[in-house]
Amino acid sequence: MENNSNIRNNKKAAKGPNQRLRQRTAILIIMILIIGFGAAIARLGFLTIVQGSSLQEAAVGQQLKDTTIPAKRGTIYDANGKVLAESASVWQVVMSPIYFENDEQRRAAAEGLSEILELDYDNVYEKTTQESYYVVVKRKIEVEARDKVLELIDKLSTDYDCGSVVQLLDDYKRYYPKNDLASCVIGFTGSDEQGLEGVEFQYDEYLSGTPGRIITAKNARGTDMPFQYEQSVEAEDGNNIYLTIDETVQSICEKYMKQGIADNNVLNRGVCIAMDVNTGAIIAMVTVDGYNLNDPFTLPKETQKEIKKLPQDEQTQAKNEALSAMWRNKAITDTYMPGSVFKICTASMALEEGRVNDNTSFNCTGSMTVSDKTIHCHELGGHGSQNFVQAICNSCNPAFIQIGQLVGMNKFNQYYQGFGFSQKTGIDLPGEAEDTFWAEGTMTDVDLAVASFGQNFSITPIQMITAVSAVANGGYVLEPYVVSKITDAEGNVIKNVERTVKRQAISEATSDKMNEILGYNTATAGATAGYVAGYKIAGKTGTSEKIGSETISHFSEDYIASFCGYAPADDPQIAMLVFFDTPSGDAYYGSQVASPVFINIMSEVLPYLEIKTEYTESELEYVDVSAGDYTGISVSEAEEAAKADGFTTTVKGSGDKVISQIPAVSAKVPTGGNIVLYTDDTSRDETVMVPNLVGYSPSEVNSIASTYGLNVSFSGASDTGVVSTSQDISSGTTVSPGTVITVSFSSSATFND
Amino acid sequence: MAPNKRMMLQADMNRIYDDEYYSEQKIKQEKFFVRPSRQRKMKKTKIFSIGMGIDLPFCIIILILLTIGTIMMFSASYAFSYYTQGDSYYFLIRQLIFIAIGLGAMCLMSFFNYNKLHRIAPIVLAISYIALLVVLALPSDSGVKRWIPLGMFNIQPSEVAKFALILFFAHWASKYYNKMQFARYSVLPGAIVFGTTALLLFFEPHYSGIVIIAILTVLMLYIGGMKTKYLFIGFVIMVGLVLILAMTGGLSYAMSRMDGWGQALVYTDEDMWQTTWQTRNSLYAIGSGGLWGLGLGQSRQKYLYLPEPQNDFIFAIVVEELGFIGATIILLIFALLVWRGITLSLRAKDKFGKLLGIGLTSQIGIQVVLNILVITDWLPNTGISLPFFSYGGSSLIMLLAQMGIVLSISRTANIERQ
């Protein structure tokens, strides 16, 4: 047997059964424990330590879900903190259709969503079949729809076990509480809240903020893992912007501009810019007609009708063109020939250069010939001999040709550049246009002659008012701006805009002189249309032809009627340019079309801005005062009190005590106006018909009104040759006795452009 | 090394002792259960090995692995369980029931005189073949037939087959220990038993089972005393066989499982990307673990990224949560179990016990190593579960019962006296 052989042979004994088993077991242990386990541990070590980071990165890549949190866009305020544009919370419905497991789930989701969100079922169903993690179903849904979607998600998760497929994400929607107010300045945002026009576009980087992210762990089905693995980067809300625009002034301007457009049947919109002459801040900037910022892609009905008449293939293009025309901020993107308003600049140059003084004499024969070209004056009979101030007041073209010649071509160009016409004003709004002027060396004597009175070159309205502001403020050409302050979401000021002086175009002395001349112009002479009682206003009318021609005649059809002025003349605060492009009514002169609007605006804006009034004696007659409270006291006491305030009284009814009064307490009533005191209820039913008050002198208006027992507030009235041009309550309206009717007056005879 | 007198004497004694046990009368005289109480009275002070009692360290290691394994199984499964069963505890509760049954079986087996198995080894082998035939006869949806459904849990006949194979070879090699150097006593039965088992598994198909069966056959024959040269011959034949099958397309299923082996992280096309999904996510999980792991319960890959994280790929989640350090400690505990199991088996009083104990313990070590190599993409993705960790009724109960046998063997071993 083997055992015996082992004992006999020592060498073989080592391989005896147990010894062999031990050896082989040892080898087995080495194989399994050293090699096997060693390999396993080494492999694990390699994967965890050497490849760990790259594998982890790949793992994290599939485990994490990245959700963007939209940032709230900053609010746009007016100068006084009134909200002009604001973002409100809305929601976005998205889904990850890749997680749908069967068609039943898809149908249920598509059915629910299409019903709630008023979408086409087939369309939504198509989306549910996409192999995608992110499909937008509908954006910017409101609270009610959101609540319904939440219910649907609940239902989907309980009934179909696919609730996590549909999700709601935070979103914001832009609201413009004032609709079309300052539309061309504020602009609007697109579907992704990106600024498309105006301040919204210009300051997009400030307003938009930085979107945040939520990084959450998700399982392989895309739902969140239950454990805490969430990293979020908060969205940084956009900055708030404070405009220099004053909502009150803006709405006053818009009100009268719209009226002006309607009254004069203006074909190509109008512009009104109000500027703080000392800082360059734009207080109001109106382009009428504007558009509703909450619905910027809808054209006016008439335009839509016109487009519908076009052939099908041209409609889209026509619509786009109409939209971009509607959005254009005419005040800065369109150029026009400034016409006589530019004479302010020409006169300033001549004064600054010392080529003229008050007594320099100019002769006007009704026309003037320059290099064989005859240039007419608007006064065909000629103004005859006139001094410098009279020439301005007459707005005499031949005189200004001569003034231009006195200045000379080089200096004229120099000042043209000095006033900032040759470059963009740098206003912080998009799309500013550049002027169109003669290239250097190409200007002829005829060009200089017509340029002297603002013809045959084009500038933007903003350039014009900036230059006029420079004339008013001591010669300083400022950079106009509409944003005064930018704050972050917490209210910390990020940026404060101060006045930026570009250069001094004329001396302060010249500026003072111009203020004096232009103030005289509105008060007594040519531009009396720009007269506002109680205020010294400097200004100049302008009627320019839209199409430049070498021989200026008045037979061209299209005009731009403008008025540019500032107040008070002796301490200028606010400058304003009003212009209407192509008035097609009976009147087209600046003094007829633009001036009344200017007066109406100024007579409301100046008191609002608390600019000090200085009435002349004759003006005091028309000054409005506040009606006191005469109710609750006996009739005799009330009559006495009213008399003390400078009013006459009419008592209606048979009671002992005054129970009500018209005009109401604090209402503006002209000095010497009539207060109707009611003593019983029945008497209050009495009414009067408003008479026609247009076409009369102030005194005539006064007498007519008092016959009817009505009060009149005079706007733009003065002693010298004004006639009433409009009344705020039209004739034929039934009102209570004592009602105050505002009547606007305008120069009756002189169209000195 | 020169043999000393004592060793020779010992060898002789063992043989004599073995011969005594082989006598049928002796076995009949033995009581079915060893009475531990009586044995303990004789030698009761040893902490680790209480005389004829069970080997306490081995038992403790089993319990430690079972505890860690269960905790990790719960951690790995609860997300999957929640999403697929609607109940995070679904797998845990079932596993705990299996553990209870398994521990009962272990306890029972540890009191069972393993020598009884000596005689019934061929019967057990026959039963396992029947089971393998039964599973082939059962209908299957997927075409893969591995399970015999038995109500609450399924029986995997291949698990029984592994045990039966070890048992049979332990029986055979101890019976013909001195003739094992002859090919007809070693190679021939080896080839027949392995061939039959492998053939049955081939039709399931269950290739990882064949691989384990092959390794176990070689292992058992090797420690049983087969000549080393046959080992090499057998190896060459087996490689040749595999190559022939691969050429003729007989291994299409296995080949398909080989697809994407080692390519899990490289994107080639969508189909391949889906095929390697499990392996890739296993690698992601392991890599995410790093040195220290994400912490117990903090795995992210178990959230449906790693399919069935409670099964074969559980250790990937273990590494993700406990890191390389934790995984290494667990592997060292496994190694300790294997070491202790083999060494205690070597002290068994009879050859059958030695071979059976070594075989059963080695099986665990082999499964662990293969499992780790699969989840780390060093071996193709085949179904090899991790003992004590992977969820599964029959395999766990089978495993614990086998450990019970090793414990029973340990009663006869006097490890301390060595």
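Reply: Two helices count as roughly parallel if the angle between their axes is under 35 degrees; axes are lines fitted to C-alpha atoms over the stretch in contact, and angles run from 0 to 180 degrees between N-to-C directions. The model is predicted, so local features need pLDDT of at least 70 and side-chain atom pairs 80 or more, while totals for chains, interfaces and linings use all residues. Residues are numbered from 1 along each chain as its sequence is written, with chains lettered from A and ligands numbered from 1 in written order.

The part is helix α8 of chain B, residues 183-203 (helices are DSSP runs of H or I, at least four residues, numbered from the N terminus).

Buried residues (20 or more other C-beta atoms within 10 Å of their own; exposed means 12 or fewer) in α8(B) include B:Tyr185, B:Gly190, B:Phe194 and B:Leu201. The buried residues lie within an arc of 160° down the axis, so they line one face of α8(B). The face turned away carries exposed residues, among them B:Arg184, B:Ile192 and B:Phe203.

The buried residues of α8(B) pack against α6, α7, α9 and α10 of chain B. Of these, α7(B) also packs with α16(B), residues 393-412, at about 20° with axes 9 Å apart; the two are therefore roughly parallel. There, B:Glu159, B:Val160 and B:Phe163 of α7(B) meet B:Ser394, B:Ser395, B:Met398 and B:Gln402 of α16(B) (contact means C-beta atoms within 7 Å).

Note on methods:
The expected span of a helix is 1.5 Å times one less than its number of residues. The arc is that of the directions from the helix axis to the C-beta atoms. Two residues are in contact if their C-beta atoms, placed from the backbone, lie within 7 Å. Angles under 35 degrees count as roughly parallel, over 145 as roughly antiparallel, 65 to 115 as roughly perpendicular and the rest as oblique.
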